[in-house]
Amino acid sequence: MKRQIPLIITFLIGTILIFSFFIPPMEKLEQTSTLFFDVIAVFAFFLGGGNLLRVHFNKLRRRKRDWGFSTVTLIGFFVTLAAGLFKIANPGGIAASPTTEGALLQEIFTYVLIPLQSTMYALLAFFVASASYRAFRAKNREATILLVAAFVILLGRTPFGMMLTGWMPDSLSVLQVPNLAIWVMNSPNLAGQRAIMIGIGLGVISMSLRLILGIERTYLGEEGA
Amino acid sequence: MKCKSLVILLFVCGFFALAAAEEGSGPPDSTHVDSIPPPTPVSMLTARDSENDHGHSVTLMWELSTDDGAGQNSVLSYEIFRWVPFFMDTLQSIRDSLAGAEGTIAEQLRKRRDQAIAMIPGAHKSYPEQGGWRKIGTALSGQSSYEDVGVKDRGSPDYMADHTDYYYLVDAVTADPAIRAPSEIVGPVQSFGQFFNTGRIPVFVAVLVFGLLTILFVTRARRGAELYVRPLAGIEAVDDAIGRATEMGKPILYVLGLGSAADIGTIASFTILGRVAKRVAEYQTKLIVPCYDPIVMTVAQETVKAAFLDAGRPDDYYEDIVYFVTQSQFAYVAAVNGTMLRELPATNMYMGVFFAESLILAETGALAGSIQIAGTDQVAQLPFFIVACDYTLIGEELYAASAYLGREPILLGSLKAQDYAKAAVIILAALGLLAASLNWTAFINLFSVTS
Amino acid sequence: MRRTTIIAMAVVLGLFILSWILRSASYVTVQEHYLIGGLKVTFSAFLTLAILSFLYKDNPFYKFAEHLFVGVSAAFWMSMGFWTTIVGNLVPRISQSLSEFFQVPYQPGSYNFVYFIPVILGIMLLMRLSRNRGWLARWPLAFIVGTTAGLNFVRYLRSDFMEQVSATFVPLFVDWKGVGYFISHFSLSASGQFVAIVANWVIFLGVICGIIYFFFSKEHKGVFGAASRVGIWVLMITFGASFGYTVMGRISLLVGRITFLFRDWLGWIS
Amino acid sequence: MLDVTFGIPLVVLSDVGQAISLLLIGGGLLWIFIRSLKAKEVDRRVVFLFIFFAVAAPILFPITFQEKATPIVKKLFDKVESLPAGSKVLIAFDFDPAMAPEVQPMANAFTRHCLVKGYKVIFMSLWATGQALLTQTLERVVKGEFPEKQEGVDYINLGYKAGNEGVLNVIVTNFRMMFPTDVNGVPLDSTAVFDGIKSCGDLDLIISVGGGKPGIKEWVLFVGDRVNVPMGAGVAAVVAPQLYPYYPKQLLGLLGGVKGAAEYESELVKHYSRFEHTDTPGLRMMGPQTLAHVVIMAFIVIGNISYFIGRRRERRR
């Protein structure tokens, strides 16, 4: 009972949506199910919020390592939640967008979330460098191919590619690094991407079918749990 | 008789006089547009119900005006008109008053609106009396078709009733909007819904073929046929990595990625997590599973709990093995990064759906000196995992891993079906190549999904 | 905490306050108090540097930024989800009085009762927080999984499978005008016929070998094994090239952050 | 010294700051290189520090590298360079503010080049949002840097006309039918620029700058292919690969992304000393990018050297 009903739900919804792709009168179902999906996702946010509070209150209560920082999380959480749900300092009142200019939520977004988010993202610039230093080593044939392809593209993106190979005549122009870089992006790179995509496509199709037919049921967890 | 020829004579004279006056007026005033001669109208205008939809739409097609891209080259656009009865204005006024109404009045108005909508087909029967032409859209020069797509929602002013006689005409318009040429009127035409989208037949065939293949191999596997699966380096490495962690007395970090519980990559990851958790329970090593999605977290908790039970150590399980962090990409990464540097796990596993954070995680893990095993179906992130991790499951390998680990005949059977589909792709690609080289378009068109 | 840590933190906090004062002094605005304007920019800069400090090693400033980030982001997305989805999409469809309360236009319709389904499923999901009724959360989960599986099945079949396969249908001999023409016009020019032909051969063979690499139920031996080897080489070129190509975009992200520090905070550049 | 270490032949060192930062980065890399010969691994933080410097220094002290133009850019530059004075060139601003940082530098460089050569320039836009950006270029570049040029005599602004490729379809045979007047209402016939121009076929060169639809592709299909007028283009980096097939038959040359802009600006500065002090945003944006790429490539090389030396040592043991 605890497992049968979910399996039936999955089967019914999945089959209906597959058919709706081919049957025009059923097309609106796709939009409706997406809206349902969004609403459930918001409840998931609340579930997440509840879990977050549980994790950090536990840390506080048990005086775990770094418990002091959990207070930072909790204060940040409650201040932002209040600012968002009650639209504090929102010039447009209840009817306005929650992120109207001047609202506390918008200020938090601009001066706290954006710097944090974009700096985390900017860390990638450093990690791209350290990863290339560490990993682009000609250890074996595969690694060498990886290294050479990356190097050609990198060189093609700087002025030096042209400086080194610009002397080549037009009849050899594909060997000029910038052109070679474009060629690599357009041919072997495209082939590799396509092979991976076809594989993934088949995998997704097969897994979806297994889910709909109830063959794959790991996502339901175990009986009695 | 005499009278008649006199009129003709006068007429002819007048015409010549006019023509002469026009010629005599000298060079055209330079501040004005060069006077544009009227273009030729479009020809062969046809209207029919749009195919493969749920109705409420009519498709118009025509042959271009001879002055579009050729001839005088003066046609800039086409304006499409539909004959609309005055009755539609009455309907719209009901809609307008409904928008501001409340309670019982709204109820009454809605009833009146629905009655009026039922009368639309009848109102169109009065053509060409009690109505007029209304512009419904524009097509650019060079375009020879237009789809008049109405709305299904009865409350919308753009609602288009099915099974109603519509009439259309198309104007060829020049740079001077006043100079235009109307086409002949087409109609009546009715829109209606279709039950099957014939443009998607190729996909439908593929669905059937693939579905049957899977069912065939799954039943064969159930009957006990032996199925071979090639070893996957990334999965073979998992057991070693757990052993290493046990020796070092350090934890194992398992990251499920940013996918939701419905993403295929995440579902495949659950199976791998189950296997890892079982081994961890057997070796009595510490496991850390920080989660991005609350629903994923609940599923992961059940999976881990069940694995501990399976390993015969249900008492070693505690809630905090799997915990929720936050549902925000970079905040999650910030927290996982912190965990990596503080707990210094012996092994990090990244399995599931990843985005830009892939490299941040993998490099921080390398900084912490952990062995790293990754697997994702996000093509754009694979290069970063390949570069920064020790083992990587590439795309489909991640899905195959769950079948490989489960060793269940059913899963292996569906893997076999996938391989047959791949063989079909290779054969089709070779045929397609031949077709493209020999300009054999009929074959290529078999694969085009039109709508 | 050790003394050195406390001293270091005090120094950083002192610098932060100093920067706040300096920043406020140069802050010209009509709308808000200059101290608040200065605080906002200085705090943003502080958070930026706190995250960057992670590159050296884990430290209390990073921990502070990390924990703040977790709390604020969770609440931010929760309130955004509440206003845009619950109030924006759901309320107008299920309740007139609630719509009036939130001042959103009520959208009556004859099938609106179905919109209670996601609410019920959502509440079942929240049952997860209870120990005994947790299994109810499987229903919404099954709904979500069924929806994506159904949508994915046809979508992937169409765009990732059929369209990718038919995109591989390329002619192997581009602009073929006979062997004589080919030889007499032979060149390695980037826009030449030879290069175009090689490109199509590479795409075709690359895709085939790549797919062969992904065969799971057959041992990679003999010709099959050789093709699978070539396949992994093609994949390696793909990964290397994609990696190299993304570097430029990643550097731009850092340029943006450093520009913020130099321009908005320090005022060194304009 | 720098030239030898790095292979950077023409670094413009106009500032002490630049010199110091380049010395720091170059010297540092050299030091690490020497260490790597002893098979010593570099700490990751050192790599981080180098990247930070490589990006920050060119922001603080704008360092520009003289780009050597790739043939695809050089051909277009040479074409613009080789037209006789008084030639008629059309420059189309087919982009919106989102794309502007990437492609407006190209449009400005084309404008400068044409004006300095004494061509008669016709500006127009197929994008409604492009007109404001076109006005910006007119104010800053044309009126700001070439005050001697007269509107109507040396250049003309036709502005934006709705109709997308429909506009092209008309002007390919008749300009006046689509644009009876310029953007200010001055009749085309009364302007010196349009003396002798009836249609696109009477132009000497057409340059389209854009990155969306309508854009370069539409210009090629509706105008370039139909009348025998050479065409050049500048595009955003993301769409550049899709346009390469048009080169060199339908497009004389193509500037792709910031790098293309930088290459063109570099050629311009090389040929005309008057542009030495004008702003070159393309080159400026390439500064941090180039340095960071160089640092990454240097580290790849260094890493491989220390790897091979280390391996050889291990084998000897």
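How many bridges join strand S1 (residues 43-49) of chain B to S2(B), and do these strands run parallel or antiparallel? Five bridges join them, and the two strands run antiparallel. This is a predicted model, in which local features need pLDDT of at least 70, side-chain atom pairs count only at pLDDT 80 or more, and totals for chains, interfaces and linings use all residues. Residues are numbered from 1 along each chain as its sequence is written, chains are lettered from A in the order in which they are written, and side-chain values use heavy atoms, without hydrogens and water.

**Strands of chain B**
- Strands here are DSSP runs (E, at least two residues), and helices are too (H or I, at least four), numbered from the N terminus.
- Two strands pair if DSSP finds at least two bridges between them.
- Across from B:Asp49 stands B:Val58 in S2(B).
- S2(B) is also joined to strand S5 (residues 145-149) of chain B by five bridges, again antiparallel.
- There, B:Leu60 stands opposite B:Tyr146 in S5(B).
- Strand S2 (residues 57-63) of chain B has five buried residues out of seven, so it is largely enclosed by the rest of the structure.
- Buried means under 20% relative accessible area, exposed over 50%, and partly exposed in between (1.4 Å probe, protein chains only).

**The sheet of chain D**
- Six strands form an open sheet in the order S3-S2-S1-S4-S5-S6 (chain D), with parallel pairing.
- Its edge strands are S3 (155-160) and S6 (253-256) of chain D, each pairing on one side only.
- Strand S1 (residues 88-94) and strand S2 (residues 120-125) of chain D pair in the parallel sense over five bridges.
- D:Lys88 has D:Lys120 in S2(D) as its bridge partner.

**Two helices of chain D**
- The axes of helix H4 (residues 71-82) and helix H5 (residues 100-116) of chain D come within 9 Å and cross at roughly 30°.
- Axes are lines fitted to C-alpha atoms, for helices over the stretch in contact, and angles run from 0 to 180 degrees between N-to-C directions.
- H4(D) and H5(D) are therefore roughly parallel to each other (angles under 35 degrees).
- Among the residues that meet are D:Leu76 and D:Phe77 in H4(D), and D:Phe110 in H5(D).
- Contact means heavy atoms within 4.5 Å.

**Chains A and B**
- Their contact takes 64 residues from chain B and 55 residues from chain A.
- The two chains bury about 5,300 Å² between them, 73% of it on carbon and sulfur atoms.
- Buried area is the accessible area (1.4 Å probe) that two parts lose on being put together, summed over both.

Terms used:
Parallel < 35°, antiparallel > 145°, perpendicular 65-115°, else oblique.
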